[in-house]
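Hi,

Here is the structure I promised to pass on to you. Please have a look at it first, and then read my notes below.

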Amino acid sequence: MGKKEAKRKDQFGSKFGIIAAAAGSAVGLGNIWKFPYITGNNGGAAFLIVYLFFIFLIGFPIMTSEFIIGRKTGRNVHGAFERLAPGKTWGKFGYLGIFAAFTILSFYCVVAGWSIEYLINSLSNSFWELTPQQYSDLFDSLVVSGIKPVIYLVIFMSLTALIVMAGVKDGIEKYAKILMPFLLLIIIILDIRAITLPGASKGLEFFFRPDFSKLNAHAVLEALGHAFFSLSLGMGVLITYGAYVGKKENLSTTALQVTIADTVIAILAGVAIFPAVFAFDLNPGAGPGLVYKTLPIVFQQMPAGHFFGFMFFLLLLIAALTSSISLLEVVVAYFVDELKMVRKNATIMAAALITILSILCSLSLGSVKINLFGLSFFDLLDKISSNFALPIGGFSIAIFAGWYLKRKSVKQELTNNNTLQVKWFGIFMFLVKWLAPFGIGVVFLYKLGLFNLFK
Ligand code: PHE
């Protein structure tokens, strides 16, 4: 059977399935764990505004471009560029995707592992009787406890590998369709409790009333990097998924829906967390433990809180899984296509290599001090992927779609061979060709301090 036929067979079964799978990749720890804590670290509302700007004006057009490249070719990251630019360096883009998948998964598994611990904790009554200080201590001691988080991350990676090995499409589509709406529902219930807590308004103010004096170059770079991370952009996940999208689907509305879904979940997570942080006098800049230290207190305060708490950690884990499988899939697809490995072996090899890195990452938070550039190995991998690899990947995709591909062929794919009307095609091209590369370039130069040279 030819490769083409295989691809066609694997297409997503419904419009909702595509959105659910792409949103499944986008919605993950990035929205619920990372977004609230980096917003907290960077002063709140002003950071949110910069983030939204990047999401819609840079992230969304790049997501659409990834879908265009993927569907046009029906290939994986490497193959897609090879087909559109045969023999050119563009094919090497695949390496960047692999690199990003390795770095992201290494710390992603650690964080997902923490939620397994919390899932188990939430089954015991004593966990629900702790004070805010005790929740905080519980998290701090878990992270540095050495072997325990390592066991959890290995469990998480094994689950990811099992799903990827079994072949992703059926699984992802089926589960994502049911579970994503369910996650949304639980977060909304959490939000209602959080904003009705006494003292909640201070938290909402922190999250929604901007104070631009709190912004600096680093925060802007972090907002840009997180926009890419949260939308799963810049490393080929959505090129790969684009390959499975049917020729009749409207790519730009699909991208817009995924972008909106991802953003709404992140904002709802913030609405659940910040009111609670202020109501209980916690520190919004508490860092990576913010969600784990704050939300158990909110669950404590609501009827059937133990049940909702358990469900929340379960769904967090599932949201993490629908993202981690998309990350591992990028590596596996590449090993299968380029190294001609059998899918099962490719999955085992990729998962084993990443697990080793991930163990180092987890240990670097406690017993084993691995410090590079003043950062723990965990932070280093997080920063390298979000602040460098993904924006550089996004930049390349924008250049490829905006400058390398012919305008006519982009239009053809976006309008399904001129059967759809895409009124704002001109605006889209402007964003891809000019604003996205220019915006990313400016943030980088600014961060590197080049703009300060003239001060
Ligand atoms: N978008 C995912 C999240 O928010 C993480 C991710 C990044 C997944 C890059 C795939 C590619 O958790």
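Five helices, α2 (15-26), α3 (29-41), α6 (93-121), α11 (217-230) and α15 (305-338), each supply at least two residues of the shell around the ligand. Helices here are DSSP runs of H or I with at least four residues, strands are runs of E with at least two, and both are numbered from the N terminus.

Before I go further, a word on the source: this is a predicted model, in which local features need pLDDT of at least 70 and side-chain atom pairs count only at pLDDT 80 or more, while totals for chains, interfaces and linings use all residues. Residues are numbered from 1 along each chain as its sequence is written, and side-chain values use heavy atoms, with hydrogens and water left out.

**The ligand site**

There are 16 residues around the ligand, and Ala26, Gly30, Tyr108, Phe229 and Ser232 come nearest; a residue is near if one of its heavy atoms lies within 4 Å of the molecule or strand in question. The shell residues divide into eight nonpolar, eight polar and no charged.

Which backbone atoms face the polar atoms of the ligand? A backbone N or O atom of Gly30 lies 2.8 Å from an oxygen atom of the ligand. For Phe229, a backbone N or O atom is 2.8 Å from a nitrogen atom of the ligand, and a polar backbone atom of Ser25 is 3.2 Å from a nitrogen atom of the ligand. The protein covers 100% of the 320 Å² of accessible area that the ligand has on its own. Those areas come from the Shrake-Rupley method with a 1.4 Å probe; for residues, only the protein chains shown count as cover.

The ligand sits in the largest cavity, where "sits in" means that more than half of its atoms lie within 2 Å of the grid points. A cavity is a set of points, on a 1 Å grid over the protein atoms alone, where a 1.4 Å probe fits but cannot get out.

**Buried spots**

Buried means under 20% relative accessible area, exposed over 50%, and partly exposed in between (1.4 Å probe, protein chains only). Helix α14 (residues 290-300) is mostly covered, with 10 of its 11 residues buried. Among them are Tyr292, Lys293, Thr294 and Pro296.

Glu413 lies in helix α18 (residues 407-414) and counts as buried because its relative accessibility is 9%. What joins the side chains of Glu413 and Arg71? A polar contact of 2.7 Å does; such a contact is a pair of N or O atoms within 3.5 Å, and within protein one must be able to donate a hydrogen and the other to accept it, with residues adjacent in sequence counting only if both atoms are side-chain atoms.

Ala21, in helix α2, is buried with a relative accessible area of 0%. Ser376 and Leu84 are 292 residues apart in sequence and 40 Å apart in space, C-alpha to C-alpha.

**Exposed and partly exposed spots**

Ser201, found in helix α10 (residues 200-208), is exposed because its relative accessibility is 53%. Ile260 is in helix α13 (residues 251-279) and is partly exposed at 39% relative accessibility. Ile260 and Tyr152 are 108 residues apart in sequence, and their C-alpha atoms are 32 Å apart in space.

**Two backbone angles to check**

Most residues other than glycine have a negative phi. Lys340, which is not a glycine, has a positive phi of about 55°. Lys340 is in the loop between α15 and α16 (343-363), and counts as exposed at 66% relative accessibility. For Asn417, phi is positive and near 60°. Asn417 is in the loop between α18 and α19 (425-447) and is exposed, with a relative accessible area of 54%.

Best wishes

Conventions. 1 Å grid on protein atoms, 1.4 Å probe; cavity = no way out; pocket = protein on both sides within 12 Å on 5 of 7 lines; lining within 4 Å. Nonpolar A, V, L, I, M, F, W, Y, C, P; charged D, E, K, R; others polar.
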